[in-house]
Amino acid sequence: MKERNQRKQNKIIELATFYIGDALCGIDILNIQEINRHLEVTWVPQAPEYVLGVLNLRGRIVTVVDLGKKLGLSPISPGKDNRNIIVDSRDEHIGFLVDRISDVMLAETDKIEPAPSNIGGVQGKYFKGVFKTENSLVGVLDINATLKDE
Amino acid sequence: MIFEDDETLRMYVEESKDHLVDIENDLLTIEEAGEDIDEDLVNNVFRAAHSIKGGAGFMGLSKIKELAHKIENVLGMVRSREIVPTPDIISTLLKAFDTLREMIFNVENSNDMDISEHVVELVGLTTASLPDDQKESITMIVDVALPSGRKVLQSSKFDIDHARKEGRFIYLVEYDLIHDIQRKRKTPLDVIAYLLNSGTILQSKIDIDAVGTLDADVPSGIPFYVLFASIIEPEIIPSLFDVDEKFVHQVTDDMCFPVAADQIEKPKQVARETASEKPAAKPSAEKAFPDELIREQKDAEPLDTDEKQDQIHQQASTAVDVQDSSADKPSIMKNSVSQASLRVSVGLLDLLMTLAGELVLSRNQLLQAVSTNNMRALETSGQRIDMVTSELQEAIMRTRMQSIANVFNKFPRVVRDLAKELGKEVDLIIEGKTVELDKTIIEAISDPLTHLVRNAVDHGIETPDIRNGHGKSAIGRVKLSAYHEAGQVNIEISDDGKGIDGEKLVASAIKRGLLSEQHAALMSEKEKIALIFLPGFSTAQKVTDVSGRGVGMDVVKTNLDKLGGIVDIESKVGEGTVIRIKLPLTLAIIPSQIIDVGHERYAIPQVNLNELLRIPAAQVKNRIEKVGDANVVRLRGNLLPLLNLAQVLQIKQTFHDPLDGRLQPERRDNIADRRSRKNPLFLSHEETDESGNPPNEAVDEDFIKPRSGQERRTSTKSAINIAVVSAGAFKYGLVVDQLRDSEEIVVKPLGRHLKGCCGYAGATIMGDGKVALILDVAGLAQMAQLTSLEGADRVSEAALDAARQKKAEKDKVSLLLFRNGEKEQCAVPLGIVERIERIKVMDIEVVGGKKVIQYRGGSLPLFSLDQVAKVKPLPDFDQLEVIVFRLAGREVGLMVTPPVDAIDVVVTIDAITLRQPGIMGSAIIGDYTTLIVDIYEIVRTINPEWFDETDISSSPQGGITILFAEDSAFFRNQVKGFLQEEGYNVLDAEDGMDAWEMLNQHSETIKLVLTDLEMPNMNGFELTAKIKADPRYAHLKVVALTSLAGDEDIEKGAKSGIDEYQIKLDRDKLLETVRGHLSNIKID
């Protein structure tokens, strides 16, 4: 039993990583539906500040969130590298707008350390932990915490 | 006793539901018929109960079986006319069926439900009608045994006796579930249904015990015993059962053995067994099943054939299946209550298939056309796809359509129960059951409709004695009808009850502080009745338990609003109420108006849209006005509150630049043109408003001033576009930048992060693939805090009038506007105008150098302005308007050009700039410089001799001095003018203070005081009070001149001592009054 538990902890997950400003973040790739560059977002007046607007993803209405604003970092600056990461959260597609996409990394779950309470101004509650590679630190996002209603 | 697999149970539930559907109405019809029983109908209900019972026995649903059985007993007696279906009996049956339905819908837990009450009642009914000696049989249970002596099942003796009495034969049939049923590819339900065609099942039981003990007699399989009553003769009965003759036994008395009370198989026992099915008791279920299965397997082993083994395994696996599925069953059951499945006619499905095929074909064509680059083919296939898609859409929509009967059918029962409870007699008439509506709408209107129907019975219909007292028939009538109209479904609920008393509603609303009295006074009868939709409102004097508790109507309205429906209520006290509901056919695809604001596109559902309004740039300042902070537009005499969508949503507005057609950011903050305030109407308003003005006014000013040369708004492109929308009965205008096409849009929900924005009803995808938001008209109004009362537009109209009146308290004057030349606007005080005539120019005669026209047997002298004043001559028209005045005892006509219009305005008259003979001054009215014509001067200049005569003839008053206080030069001149014509000396003062000084100076000569009320320094009331308080002047009469003589003013005036009121510029009356007062003085 204990052994199994440990094995579970040692599971290797794939992290899709991306940049918000200079911060490198990652999401478990299993949460991601697709990554695209549909950037024709319809603005929704009166929406919460972090919501950029809505998007037509093959007939589904997708809420697009400026991940920078949502995490309390600087807003995503428009550029040709901008991408929408579409995640599935509670039967609803939600798009995260990020500055640019980086690699997919393999991470052993036990190598993911608890996030320091304050990672570079980002609110710690949005992160599952921090994954250390040789030359970088990846903040692993907790999608459900990030998309929790406020 | 779990035998069924999931599928069987579900089929049973579905079938039972079908059986239950019409029962209510059938029972009600039976009740109506009373003794005169319609056997078909009773049979119908009987069969329903019977089928339910039959299946329940099979499924181990003992409580359902028991209840259905008891119901069946009662119905059997009704059928054989042993009891008469009185309302009480029907009530009991209805309630029992309710519980039965509840159990069917929640079949998993049905065995835990308490039905003892119903059983007691039902048994009571059966016993009551029986002769004493038979009573016993009801409760008596007998064992029914096989000829071999093995007791296989228990049944009520009453049932057996009853069946025999009806001349039926009783059979005990042994089925083998494996051989006779499963092998023959039948389901147990099939068998039951088949049997029910030719008789009744009194009792049925699956005998698991037999498997264990009687392997010798019953070599394989599970016996299923059915106690069956039928009129079919014993000789031919085996063929019916489709089993070997030796398994069919005719039950004789010697096969039945009375059972001691403690040996009766209690339903409870079964309940315990089946209770293990519940997910909560899953561990025990796990335990129970293996036991049974192991036993089965063990028993089967001696048979030692692989085939048998397989079967048992199969059996086992079914049982296990049941167990597995039981875990997630509660959720299935919950869904089934709100109808997770839908019946669609096969014809429709076929149509869908055909269309889908068509679509595939068209796609192939399209692909081919694209690959060969054939434009023509591309076009054709495009058209084809267009057609097929629309048809497909329509067909799919139709699968969602359900008849409104689904909702309507429950009302006879609702009305009956309620009427009975309240001691009323009500007839319910239902029309238009076949009207179809989208499934979601059907589900959503059920509650609001129930509420309205209950209201009609509870609050609408009076008790029979009251009805008789009012000369109505004792039986009230509630009518429910549905019909199609203009792509919408209309539902009408009408009653002939006491109606809704608007006054009572108003009184109640005022009492609750929901409405001000002032507001109430302005409301129409319909608006008063619509008050019932205000939140927190109850009309019933006595709050009854049955309907509403008074919190209903607003909920009804909100619910219907959500569906895009409209409620309209009409009522006459004593005659009844009609409530009309308009509903869209579907909610999924809706026609909408697309509009633009800023760079954004939005859709307004067509149901909310009343009309589109485009106010040309030139009319903006005339038609859009400001009341307080709100913009309003004049629309056919009503004021419509305006909502600037851009402001509500905080979007930067745009407009098309008239010069280069480019989209430019809008810089106006206010739609109502502030420049129009040079219109004197708004002058005072602006003055009084200055302190409350927002700081951006100054900025606004900067924009306006330098651009006074080129008026942007004169371009048609900067016209204002308004979508007039209604949220329920409440209308307002939504100001948008651009109006686009009307399109059919598909409604898609917005994500949860946007739920907080109440201005949107959803989103849709436009032709170009972009998303457009659908506006929620009611939500927007809420955001902008527009009130949702129907009377809102009228109220704001009243507010506007009041605001004007406030301004007018100073100097409001009624003027008659007319033109001299085409561009010259002139005005005369309306008070001195006798009438207006239209004449033909060719009818004018020139006699003795003067123009006259024959009129009513005399000659009417005619003048024109250019005879005296330096104005343009009259244009050369065929027809002219003649304003007729009465001067010095004669009538004279002033020829003018149309249009002639009467207005009430506040004017500041400039008595200097444009002063000339015949013109007393000028004012700006409606943006035109208007000459105020002095008709006396004109006539006097032309015919001085008339006035000499009058002076001589009517100058007994010569030398009498009148003090006249008035702050407006215009009025001062006017009134002074005609007083002097009468031969009075007039001392005029500019305000009360001035007047007081004059009075002191000329205290000897002044015989009468005329005063305006609103004046600077000292107003009319103060002046009067001062005069009356001074012993030297107390005898002087004071006549107040006013434009408004409200009750309040009169009271106030009376306090300060004003003797009389006169309306300004009502020349004749004023002179008469003056004469009257002065003659009194002379007598003194």
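Me: How many helices and strands does chain A have?
Reply: This is a predicted model. Of the 150 residues of chain A, 37% count as buried. Its secondary structure comes to 3 helices and 13 strands.

Me: In chain A, what share of the contacts between residues at least 6 apart in sequence joins residues at least 24 apart?
Reply: The contacts in question lie within chain A and link residues at least 6 apart in sequence. Those that join residues at least 24 apart make up 53%.

Me: How many helices and strands are there in chain B, and what percentage of its residues count as buried?
Reply: Chain B holds 38 helices and 42 strands. Among its contacts with a separation of 6 or more, residues 24 or more positions apart account for 68%. Chain B has 1084 residues, and the part that counts as buried is 35%.

Me: Which strand gives the most to the side of chain B that touches chain A?
Reply: Where the chains meet, 20 residues of chain B are in contact with 18 residues of chain A. Two strands of chain B, β26 (760–765) and β27 (771–775), each supply at least two residues of that side. The most, 3 residues, comes from β27(B).

Me: How many residues of the side of chain B that touches chain A are nonpolar, polar and charged?
Reply: The residues concerned are the 20 of chain B in contact with chain A. Sorted by class, they are 10 nonpolar, 6 polar and 4 charged.

Me: At what angle do the axes of helix α19 and helix α20 of chain B cross?
Reply: Helix α19 covers residues 411–422 of chain B, and helix α20 covers residues 439–460. The crossing of α19(B) with α20(B) is right-handed. Their axes come within 10 Å and cross at roughly 30°.

Me: Which residues make the contact of α19(B) with α20(B)?
Reply: By class, this contact has 8 nonpolar, 1 polar and 2 charged residues. From α20(B) come B:Thr450, B:Val453, B:Arg454, B:Val457 and B:Asp458. From α19(B) come B:Phe411, B:Val414, B:Val415, B:Leu418, B:Ala419 and B:Leu422.

Me: What distance does α20(B) reach from its first C-alpha to its last?
Reply: α20(B) has 22 residues. At 1.5 Å a residue, 32 Å would be expected. The model is close to that, with a reach of 30 Å.

Me: Where in α20(B) does a kink lie?
Reply: The kink in α20(B) is about 35°.

Definitions and conventions. Residues are numbered from 1 along each chain as its sequence is written. Chains are lettered from A and ligands numbered from 1 in the order in which they are written. This is a predicted model: local features need pLDDT of at least 70, side-chain atom pairs count only at pLDDT 80 or more; totals for chains, interfaces and linings use all residues. Two residues are in contact if their C-beta atoms, placed from the backbone, lie within 7 Å. Helices (H or I, at least four residues) and strands (E, at least two) are DSSP runs, numbered from the N terminus. Ala, Val, Leu, Ile, Met, Phe, Trp, Tyr, Cys and Pro count as nonpolar, Asp, Glu, Lys and Arg as charged, and the others, Gly among them, as polar. Axes are lines fitted to C-alpha atoms, for helices over the stretch in contact, and angles run from 0 to 180 degrees between N-to-C directions. A crossing is left-handed if the near helix is turned anticlockwise from the far one by less than a right angle, and right-handed if clockwise. The expected span of a helix is 1.5 Å times one less than its number of residues. The bend at a residue is the angle between axes fitted to the seven residues ending there and the seven starting there. A residue is buried if 20 or more other C-beta atoms lie within 10 Å of its own, exposed if 12 or fewer, and partly exposed in between; C-beta atoms are placed from the backbone.
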